[in-house]
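Trainee: Hi, could you walk me through this one? I'm new to reading structures.
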Amino acid sequence: MKYAVIDIGSNSIKLRVYKIKNDKINILFSNRITAGLAYYIEYNIMTYEGIIKAVEVLNEYISLIKNFSVDKYYIYATASIRNIENTTEVTDEIFKLTECRIDVLSSEDEASLGFNGIMEDINIRDGLMIDIGGGSSEAVSFMNGEKKEDISFPIGSLNLYKKFVHDFLPAKEEIEIITKNISKEINDTDSFSFDKYKNIKSIYMIGGTAYSLLKLINNHFDLNKDNKVIQLSIFKKLKELLLNDYSKAKELIIKSCPDRVHTIIPGILILDCIIDKTHIENMIVSDYGLSEGYLIRKIKEEN
């Protein structure tokens with residue numbers, strides 16, 4: 001069986017095509033289009049221009065899916081559509097224009113399905129999983145291979161950029177404001193206790209911020225392009241460079257991840273705040289995550 005999954009996020013809309021063989025999910029094709037749907041939200045309402053932008057990308061992806069002779073495809077949205085006031089109107093209008101039904105995931109589903117997806121790639125016993133998206137960020141703890149706690153923070157790399165940054169990259173004073181907002185959101189929560197997991201030494205990362213951070217690390221420190229591990233000391237060195245050398249930061253980001261030029265520093269600031277509440281030694285980036293977890297759930301529901 002061939003399946004496709006489309007992920008409608010605040011920053012980008014992603015397509016992945018899979019082949020299931022021997023109960024193993026194999027990625028055949030992956031594509032990402034920066035749609036920036038967060039820019040089309042005014043007073044917590046997605047504008048009609050934003051709907052049309054989503055429709056254009058979906059139509060392009062549906063054409064691609066037909067070329068792969070996909071048996072079934074699924075579409076879901078996260079904070080991009082979940083956190084607006086006109087969610088139903090947006091999904092209804094998109095269906096009217098494309099006949100595509102969109103499954104809007106809850107924050108709890110987003111965290112749990114991301115965990116299920118990463119477990120398809122890495123046999124993890126103990127750790128923290130982090131997914132920093134454009135509109136929200138999720139954290140999941142697991143011990144002995146089982147999920148323990150999860151939480152979704154209403155802060156993402158794109159909504160922070162949109163709210164606080166007025167130029168190409170955030171200025172020093174904007175970095176301070178962003179950091180204070182991130183700290184407030186993460187420190188004020190009482191539904192997730194980082195203190196419980198002081199013995200955990202690794203964070204497992206999924207999503208676009210993770211991939212882009214890994215590219216930056218591998219390029220700047222001349223590591224193997226297939227490297228998936230980010231040492232804490234290396235991350236801290238990169239963060240200091242990006243925050244304190246504007247011209248070097250601009251050059252490195254454009255070279256390594258030009259499609260994340262506006263969002264990578266806010267994303268790194270979110271990750272840094274989370275790291276400071278842990279005792280981790282490294283971060284491991286997985287190619288699998290939310291889309292794979294979502295596909296697993298859909299297949300189980302239909303069997």
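Mentor: Happy to; we'll go through the sheets, then some helices and a few single residues.
Mentor: This is a predicted model, where local features need pLDDT of at least 70, side-chain atom pairs count only at pLDDT 80 or more, and totals for chains, interfaces and linings use all residues. Residues are numbered from 1 along each chain as its sequence is written, and side-chain values use heavy atoms, with hydrogens and water left out.

Trainee: Okay! What is the strand order in the open sheet of 5 strands?
Mentor: The order is E3-E2-E1-E6-E7, and the pairing is mixed. Strands (E, at least two residues) and helices (H or I, at least four) are DSSP runs numbered from the N terminus, and two strands pair if DSSP finds at least two bridges between them.

Trainee: Which are the edge strands there?
Mentor: Strand E3 (24-34) and strand E7 (103-104), each of which pairs on one side only.

Trainee: And how do E1 and E2 run, parallel or antiparallel?
Mentor: They run antiparallel, joined by 7 bridges. E1 and E2 make a hairpin, with 3 residues between them. Lys2 has Lys19 in E2 as its bridge partner.

Trainee: How many bridges are there between E2 and E3?
Mentor: There are 10, in the antiparallel sense. Ile13 is opposite Ile33 in E3. E2 and E3 also form a hairpin, this one with 2 residues between them, and Asn22 in the turn has a positive phi of about 55°.

Trainee: In what sense do E1 and E6 pair?
Mentor: Strand E1 (residues 2-8) pairs with strand E6 (residues 72-77) in the parallel sense, over 6 bridges. If you want a pair to look for, Ala4 stands opposite Tyr73 in E6.

Trainee: Where do the side chains of a regular strand go?
Mentor: They alternate between the two faces of the sheet.

Trainee: Which strands does helix H1 lie across?
Mentor: Helix H1 (residues 48-67) lies across E1, strand E2 (12-21), E3 and E6, at about 25° to E2. Axes here are lines fitted to C-alpha atoms, for helices over the stretch in contact, and angles run from 0 to 180 degrees between N-to-C directions.

Trainee: Switching topic: what is the strand order in the open sheet of 6 strands?
Mentor: That one goes E10-E9-E8-E11-E13-E12, with mixed pairing. Its edge strands are strand E10 (146-153) and strand E12 (229-231). From one strand to the next, the twist averages 20°.

Trainee: How do E8 and E9 pair?
Mentor: Strand E8 (residues 127-132) and strand E9 (residues 137-143) are antiparallel, with 6 bridges. Gly127 has Phe142 in E9 as its bridge partner.

Trainee: Which strands does helix H4 lie across?
Mentor: Helix H4 (residues 107-118) lies across E8, E9, E10 and strand E11 (202-206), and runs at about 135° to E10.

Trainee: Now helix pairs. At what angle do H8 and H9 cross?
Mentor: Helix H8 (residues 232-244) and helix H9 (residues 246-256) cross at roughly 115°, and their axes come within 6 Å. That makes H8 roughly perpendicular to H9; angles of 65 to 115 degrees count as roughly perpendicular, under 35 as roughly parallel, over 145 as roughly antiparallel and the rest as oblique.

Trainee: Which residues make the contact?
Mentor: Leu238, Leu241, Leu242 and Asn244 of H8, with Tyr246, Lys248, Ala249, Leu252 and Ile253 of H9. Contact means heavy atoms within 4.5 Å.

Trainee: Last topic: where does Phe168 lie?
Mentor: Phe168 is in the loop between H5 and helix H6 (172-187). Leaving aside neighbours within four places in sequence, Phe168 is in contact with Tyr161, Tyr246, Lys250, Ile254, Val261 and His262.

Trainee: What does Phe168 count as, in terms of accessibility?
Mentor: Partly exposed, at 23% relative accessibility. Buried means under 20% relative accessible area, exposed over 50%, and partly exposed in between (1.4 Å probe, protein chains only).

Trainee: And Tyr43, buried or exposed?
Mentor: Tyr43 is exposed, with a relative accessible area of 79%. Tyr43 sits in the loop between strand E4 (41-42) and strand E5 (45-46), and has a positive phi near 55° without being a glycine.
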